[in-house]
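These entries record what I looked up in the structure shown below.

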Amino acid sequence: MSFSAFLFATFVRATPLVLVGLAVALAFRAKVLNIGAEGQLLVGASAAVAVGLACAAWPAVFLVIAELAAGVLAGALWAGIAAMLRERFGVLEVISTLMLNFVAQYLVSYLVRGPLQEPSRVYPQSVSLAEAARLPALLPGRQVHVGLLLAIGLSLALAWGLRSTAVGFRVRAVGAGAAAAASAGRVRVGRVVFGVFLLSGALAGLGGAIEATGNTFALYEGISPGFGYTAIAVALLARLDPLAVIASSLFFGALEVGAAALKRDAGVPSELAGVIEALIVLGLLAAQRSREVALTRRVAVDANVVGTA
Amino acid sequence: MTDGVVAAFLQASVRTATPLALAALGELVVERSGVINIGLEGVIIAGAFGALGFAGVGGVGAGFVGAAGAGIAIAVVFALFVVNLRSDQIIAGTAISMLGLGVTGTLYSMLYGSAGAALRSPMTAAWPVPVLSDIPLAGPALFNQPPVTYALYALVPLLARWLHRSGAGLALRAVGERPEAAEGAGISSDRVRWWAIVFGGAMGGLSGGTLVLAQVGTFAEGMSAGRGFIAIAIVVLGRWTPLGVASASLLFGAASALTHLSQARGWSLPYELALAFPYLLTLVALAGVRGRSVAPAALGQR
């Protein structure tokens, strides 16, 4: 694999990772434990492909916009189920989003064997999207598509929104302490949590729509190699900073592309990438602990200095 | 519907419930100590892998020992992070799931290569209990099962008694409700949580071992298939009591068995909907229990 091929493959792999990484980072910022990005991505991809096939006669620009909008809506709706279950019934979102991941997986299985199956009814996949229904490539002859720019743009927008808007402030306040935000800041915590949940799902759904219209061009069962789970590692490595999500997505994209190449060329099991991702997350947790310990020690030292002065 | 079909359905329910109940009873103890182990999925797959490795060398008995050992090994990593390093339990648990799935997948392809699919493990047969297994319908369902299911019948009341009638059980519950108060009474909450997580690891491992040694007869990557997550839901559904957890496991076993039944009977619902049914049932059931009121008060806190 040439270096440029590796580089472009990394960009392609990182594109959906940026979006699901943003979805997780945003949710975790508000202490919403959405670990259902995988399911939200899958329904987003399904909706985009469904619209792409159903509205194939539309002009290219409108069609692509409709596809992406369908992905956004589907992802938000899917996350909305978990948000509603948390608000109304106090169901832990960790469990509900995980369950919804499995349901989404079977939904895709059903679609590619039922309503969206290719006409010969042999393969469990949809037909390929027409040229007009695909995201344009950035460079002629390369797989890198405009989805990458969209993902980077959304990272910038989210970083700005979190830092410089009133809504962003409320999200951060809820993440820092829901009770304090409610009493001192008069933040309506329930509404913020609900909104964050929907937006998180929308981002993940968009990730799925972009992957389907920019890279795979069809729906099939293995359309996501676990993007939604890698997203957790992506967001944590970025320390939940939307801008850093770009860099950490590229890192994990390169890792996964590299692992696939190693499997092809040297027979190294590709599951190794998952092990490395898990070890990175554990390493980050350990590093966070040593920072916390150092911080409390410094506070204790300061307190002593004040006490003896 | 004939008696034969109903009997087969009941038997399949208990069979499917067995690995779920094993993992969920372990997780119940972990959660009673105030820790939620989302990494249970990784523990189960590690157990399944351990079972394959050890059963190949020393037979079914060694397989179960290997399964429990492998489950404990990965649970120890989790305990180090959440107890000693005070890491976020959800994130650490997610990493443990990824680690378990990744390590077993990697080792499996390295050790057994592409020929792995044909690899068979020795299995334990069903041991029909004389007389009892002849009772119509319920007999074969409850008493024509592998020994690990019978062990569960004993474990559920024992665990219930241990939780509520023993000093150690009281210490466990105290740590899960009010760790500071427990510390004040001279109980080391760290030590209690360590033992709870190790027990949960052994049970999760045995759950994976049951899949390989009593049901499938081989290992496949990702064969835990979300059972760890379902087991966590079962604990909520069973309201953190052993009997409740056992009943909720049976409910799930029945839901999964219904899938096979609907397929066998040719009912006209999409196969995938039937497969998704246990997960949908979890969502509906969780909405029904309004679980938080009865959850251990310190659950999930660092």
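What distance separates the centres of domain 1 of chain A and domain 2 of chain A, taken over C-alpha atoms? I find 30 Å between the two centres.

I note that this is a predicted model, in which local features need pLDDT of at least 70, side-chain atom pairs count only at pLDDT 80 or more, and totals for chains, interfaces and linings use all residues. Residues are numbered from 1 along each chain as its sequence is written, while chains are lettered from A and ligands numbered from 1 in the order in which they are written.

**Domains of chain A.** I read the bounds as 3-270 for domain 1 and 271-309 for domain 2; they come from an automatic or database domain assignment. I find 11 residues of domain 1 in contact with eight residues of domain 2 (C-beta atoms, placed from the backbone, within 7 Å). On the domain 1 side, helix H9 (227-237) and helix H10 (242-266) of chain A are the elements that give two or more residues. Helices are DSSP runs (H or I, at least four residues), numbered from the N terminus. That side divides into eight nonpolar, two polar and one charged residue.

**Chains A and B.** I see that the contact takes 32 residues from chain A and 38 residues from chain B. Among the elements of chain A that each supply at least two residues to its side are helix H3 (60-89) and helix H11 (272-308). By class, I record 24 nonpolar, five polar and three charged residues on the chain A side. Ala, Val, Leu, Ile, Met, Phe, Trp, Tyr, Cys and Pro count as nonpolar, Asp, Glu, Lys and Arg as charged, and the others, Gly among them, as polar.

Note on methods: Two residues are in contact if their C-beta atoms, placed from the backbone, lie within 7 Å.
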